Amino acid sequence: MRDWQPFLGLPLWVWLFVFPTLLALYCLWQGPRAVQLLGPVWRGLDAVYKAAGVIAAGFMVTILLLIILQMVARWTSSAFPGATEYAGYAMAATSFFALAHTLVQGGHIRVSVLLQINAFTRFWLDALAMFIAAVTATYFARYAIKTNIVSEMINDRTQGQDFVPEWLLTVFSMFATAPAQWGELWAQSGSEWVPTPIWLPQLPMSIGAVLLAIAIWDYLTRLLAYGESQIQGEVVE
């Protein structure tokens with residue numbers, strides 16, 4: 001963890017691993033008081049997960065529209081450059097934005113053979129599995145963000161036929177710059193279409209990975225606070 005730079009005076013790994021673990025231990029210790037304290041936060045996070053699921057559905061519809069446009073282009077002998085790349089980006093965005101929502105809906109595959117032994121075993125094995133998953137997902141989210149940063153630093157561009165308007169890149173760049181610099185940012189922007197920078201299609205991966213890590217830590221705290229899993233799998237007959 002030597003490359004985990006300090007953030008607000010503490011190493012980043014402390015914020016990502018130590019503090020969430022301490023919160024989980026607090027939920028195990030306090031139980032009902034933790035439920036009362038974190039209840040509004042949990043409801044807000046549930047709304048975020050649902051919104052991410054809606055965005056994932058929107059990207060899935062985008063894939064359908066791209067397929068239809070490709071069909072129309074073939075029927076009319078027209079060119080639709082970059083359609084395959086755009087569909088791939090939309091598919092990746094669909095997968096990653098849906099991760100957190102799928103988790104809370106019980107859609108992920110969970111091996112529950114050992115969880116059926118007794119209530120004590122079920123609780124502690126479930127807690128251990130959620131903790132390991134939370135740490136793993138946090139590592140993945142951190143390095144997904146680092147991948148975005150490196151791609152932007154080296155100005156990595158796609159090798160396909162897909163292009164994006166330069167003003168769209170300026171809009172996304174506003175989130176990473178101070179408001180005082182927005183005027184200069186737009187002054188340097190143009191109206192041309194440029195090769196897609198790799199960091200742009202990587203953004204949904206980073207956002208989805210962060211949401212998944214938050215969701216797993218979230219449901220670990222709920223498990224410890226309530227004393228039972230709040231993830232209910234769908235019944236399949």
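**View 1. Arginine 222 and aspartate 218 form a salt bridge, with their closest N and O atoms 2.9 Å apart.** A salt bridge here is a side-chain nitrogen of Lys or Arg within 4 Å of a carboxyl oxygen of Asp or Glu. Being four residues apart in helix H7, the two partners are separated by about one helical turn. Helices (H or I, at least four residues) and strands (E, at least two) are DSSP runs, numbered from the N terminus. This is a predicted model, where local features need pLDDT of at least 70 and side-chain atom pairs count only at pLDDT 80 or more, while totals for chains, interfaces and linings use all residues. Residues are numbered from 1 along each chain as its sequence is written, and side-chain values use heavy atoms, with hydrogens and water left out.

**View 2. Arginine 222 also meets aspartate 46 in a salt bridge (3.0 Å, N to O).** Aspartate 46 sits in helix H2 and arginine 222 in helix H7, so this pair ties together parts that are 176 residues apart in sequence. How buried or exposed are the partners? Arginine 222 is buried at 7% relative accessible area, and aspartate 218 is buried at 4%. Aspartate 46, at 28%, counts as partly exposed. Buried means under 20% relative accessible area, exposed means over 50%, and partly exposed is in between (1.4 Å probe, protein chains only).

**View 3. Arginine 142 is a residue of helix H4 (residues 119-153).** With 10% relative accessibility, arginine 142 counts as buried. Look beyond its neighbours within four places in sequence, and you'll find arginine 142 in contact (heavy atoms within 4.5 Å) with Asp3, Trp4, Gln5, Leu12 and Leu16.

**View 4. Here's a nonpolar surface patch of about 1,000 Å², whose members include Phe7, Trp15, Phe120 and Trp124.** Patches are made of residues with over 30% relative accessible area and no salt bridge; like charges are joined within 9 Å, and nonpolar side chains (Val, Leu, Ile, Met, Phe, Trp, Tyr) within 5 Å. The areas come from the Shrake-Rupley method with a 1.4 Å probe, and for residues only the protein chains shown count as cover. Helix H1 (12-30) and H4 each supply at least two residues of the patch, and H1 gives the largest share, five residues. Leucine 10, also one of the patch residues, lies in strand E2 (residues 10-11) and is partly exposed at 31%.

**View 5. The largest pocket has a volume of about 1,300 Å³.** On a 1 Å grid over the protein atoms alone, a pocket is an open set of points with protein on both sides within 12 Å along at least five of seven lines, whereas a cavity is a set where a 1.4 Å probe fits but cannot get out; lining residues have an atom within 4 Å of a point. Grid points are joined across faces, edges and corners, and a volume is the space filled by probe spheres set on the points. Which residues lie nearest the centre of the largest pocket? They are Leu169, Phe172, Trp199, Leu200 and Leu203, out of 43 lining residues. H7 supplies the largest share of this lining, eight residues.

**View 6. The structure holds one cavity of 30 Å³ or more.** About 30 Å³ of space lies in the largest cavity, and its lining is made by Asp126, Met130, Tyr219, Leu223, Ser229, Gln230 and Ile231. H4 and helix H7 (199-226) are the elements that give two or more residues to that lining.
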